[in-house]
Structure formats: structure tokens, C-alpha cells
Amino acid sequence: MAKKGQTKLKLLFIKDYLEKYSDESHPVSAEALQTMLENKGIECERKSIYSDIQTLRDYGMEIFRVRAPENGYYLVSREFEEPQLRLLIDAVQAASFITEKKTKELIKKIASLCSEGTAKQLTKQVYIENRLKCSNEEIYYNIDVLNRAIRARKKVEFIYCKRIVTDDARAVKVRERRHVVSPYALIWSNDHYYLVCNNRKYDNLMHTRIDRMKKVEMLDERARPFSEVSQYKSYFDSADYVSKLFNMFSGSLKQLDFICDNSILEEILDRFGTGALITKNAEDNEHFRMRIKIVVSEGLVSWIMQFGNKIEVIEPLSLREQVMERAKEILSVYEG
């Protein structure tokens with residue numbers, strides 16, 4: 001019989017054991033639970049295990065009992081379902097801004113949210129070594145400092161590392177520069193994690209990759225209000241901001257008019273969703289017209305170029321000319 005002081009511990013040990021070791025394919029017997037408790041110094045009768053299981057059920061844990069092929073108990077519902085954990089693991093595995101070491105640590109923590117049997121299946125096809133991963137182990141620290149600075153509305157100072165081509169024997173080296181900025185938002189886009197901020201020298205927004213930052217520090221100086229350098233007044237709308245950008249290039253917001261081939265409708269809808277006004281093209285049935293308000297930048301030009309002759313820019317004329325000029329530059333390389 002468990003002592004009074006051990007009763008609460010007994011329930012917690014049973015709860016933890018069911019969470020860690022039980023699932024539909026691996027039911028846990030009352031004998032196994034009794035042995036586990038005895039190994040922890042808690043003596044109990046088997047019938048008390050049944051009472052404890054019922055107490056945990058009353059608490060809200062969904063515990064099923066099976067009698068075949070093995071007699072035992074398993075935890076049915078958890079905070080995260082297996083497909084949800086699969087998505088989280090895949091996202092961490094694919095994120096290039098998370099180092100190899102921290103990727104392994106995160107995946108291990110995610111897998112701990114299910115039973116050991118399920119965890120083995122989830123991590124069976126995880127491959128990290130051959131993926132492109134950053135080497136900046138300060139990434140967690142950077143995110144923490146930047147988050148606190150955004151909440152406190154304080155400026156941050158950091159060293160930004162950028163790879164450049166040189167005339168030396170080693171063609172690539174890292175150039176480091178110190179920056180002081182007002183931070184507004186953290187954004188995950190195009191497989192990179194960015195800080196949206198304002199450099200005190202300019203009246204616009206800039207983006208810096210967090211994995212390229214070193215020695216991030218929060219300053220006592222108040223950050224510049226984002227309303228002075230963006231269209232947002234009451235709060236910084238990160239989702240709206242990203243939806244208007246291409247490849248995290250800054251630029252001016254303009255109304256665009258495209259004629260697109262019907263074959264790229266899915267790509268257009270995947271990129272813009274309901275933000276684009278799509279209508280039938282009056283001149284033929286092979287194309288549709290799209291109007292949308294987005295930021296015109298080099299990133300947008302590159303995005304348009306990937307579709308070749310399947311997109312024609314109608315308005316604004318300045319963007320049309322940019323695309324024409326880019327096409328001429330590409331042609332000149334191959335003609336030369």
C-alpha cells in the first residue's frame with residue numbers, strides 16, 4: 001500500500017509512464033505499472049492501479065483498456081496528434097536557418113510529445129546531415145533578444161555578416177558590419193527567418209536575416225515608431241506586409257495589371273489567394289486578367305521572369321520596362 005505522501009507521486013508516475021510508453025500498438029499492463037512504481041520505491045497492490053487509472057480518466061485523460069492481443073492500457077488522445085507532430089518535425093528539418101545541432105535537439109523535444117513507439121516511427125526518416133544548415137549557434141539567443149526588444153519597443157545593435165567575392169585566393173569571405181535598428185517583426189519567408197526593422201539613417205523598412213546576426217544586444221534607446229516608416233499605424237501587420245513582398249525585397253506599393261496564361265492559374269492563386277482580382281480576358285479564352293496591389297521590386301521582376309511568356313505586364317509601364325530590360329540583359333549574356 002502506498003503511503004499517504006506517495007499517493008500524488010504515484011498518480012504522476014502512472015500518468016508519465018502512459019504518456020511515454022503507451023499507444024494503440026503498445027498497451028501497458030497493470031503488472032508493468034506496478035513494477036515501475038516498485039522500482040521508484042512505491043509499493044502498491046495491483047487493484048490500486050485500477051483505481052488510479054479511473055482517477056486519471058476522471059481527470060480527463062482518455063485511457064482505453066484492451067484485452068487482446070495483449071491485456072493493458074494505452075493513452076488515446078494527446079495534446080498533439082501524430083500528423084501534427086509530423087508537420088512540426090518536417091518544418092524544423094527543412095528550416096535552413098536552424099543549425100544541425102539545434103535541429104536534432106528540437107526534433108527530439110517534439111518527438112517526446114508522443115509515445116516512444118510513435119517517436120521511433122516519426123524520426124525514422126529524418127535526415128539532417130546532408131541538408132544545407134546554417135552554422136550560427138546564436139540563433140536562439142538572437143530570436144529571444146529580438147522578441148524582447150520588439151515587445152519593449154527598444155532599439156537593437158548587432159553585427160551583420162555578409163559573404164562577398166574577393167580577389168584573394170579564397171574567392172569568398174565574410175564581411176562584418178555593425179548596425180543599430182528599430183525592430184518591428186520577425187518573419188519566416190522563403191526558408192529564411194528575417195527581422196523587419198528600420199535603420200536610423202533611412203525612412204523605410206529593411207530586412208535582415210537572423211542567422212547572419214552576431215552579438216545582438218537590446219539598447220536602452222527607444223525604437224522609432226513603425227508608423228513613421230510604414231503604412232501601418234496602430235499595429236504592424238506582418239501577414240499583410242509579407243503578402244505584398246517578393247523574396248523579401250522592399251519597394252513601392254502600386255496597382256498592377258497582368259495578362260496571364262490559363263496554365264498558371266494555380267500558381268497565381270497559391271501566391272496571392274483572394275488578394276488578386278481575376279477576370280476573364282476579353283480578347284481570348286486562353287488567358288485571364290489579374291489586378292492586385294503589391295510592392296514593385298527586383299524580387300517581383302525575378303518572379304515574373306520565371307513564367308517566361310506566360311505573364312505580360314500591362315500596368316504600370318515602369319514595371320513593364322523593367323521586365324523588358326531584364327529580358328534584354330539575359331539575352332545579351334547568351335548572345336555574347
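**Exercise 1.** In which helix do Lys15 and Glu19 both lie, and how many residues apart are they?

*Solution.* A note before starting: this is a predicted model, where local features need pLDDT of at least 70, side-chain atom pairs count only at pLDDT 80 or more, and totals for chains, interfaces and linings use all residues. Residues are numbered from 1 along each chain as its sequence is written, and side-chain values use heavy atoms, leaving out hydrogens and water.
- Step 1: both residues are in helix α1, 4 residues apart, about one turn of the helix. Helices here are DSSP runs (H or I, at least four residues), numbered from the N terminus.
- Step 2: The term means a side-chain nitrogen of Lys or Arg within 4 Å of a carboxyl oxygen of Asp or Glu.
- Step 3: Lys15 is partly exposed at 22% relative accessibility, and Glu19 is partly exposed at 28%. The classes are buried (under 20% relative accessible area), exposed (over 50%) and partly exposed (in between), with a 1.4 Å probe and protein chains only.

**Exercise 2.** Are Lys10 and Asp52 buried or exposed?

*Solution.* 
- Step 1: Lys10 is buried, and Asp52 is too.
- Step 2: their side chains form a salt bridge of 2.1 Å, N to O.
- Step 3: Lys10 sits in helix α1 (residues 7–21) and Asp52 in helix α3 (residues 46–59), so this pair ties together parts 42 residues apart in sequence.

**Exercise 3.** Which residues are linked with Arg224 in a network of salt bridges?

*Solution.* 
- Step 1: the network links Asp203, Arg224 and Glu228.
- Step 2: Arg224 and Glu228 meet at 2.9 Å, N to O.

Key
Helices (H or I, at least four residues) and strands (E, at least two) are DSSP runs, numbered from the N terminus.
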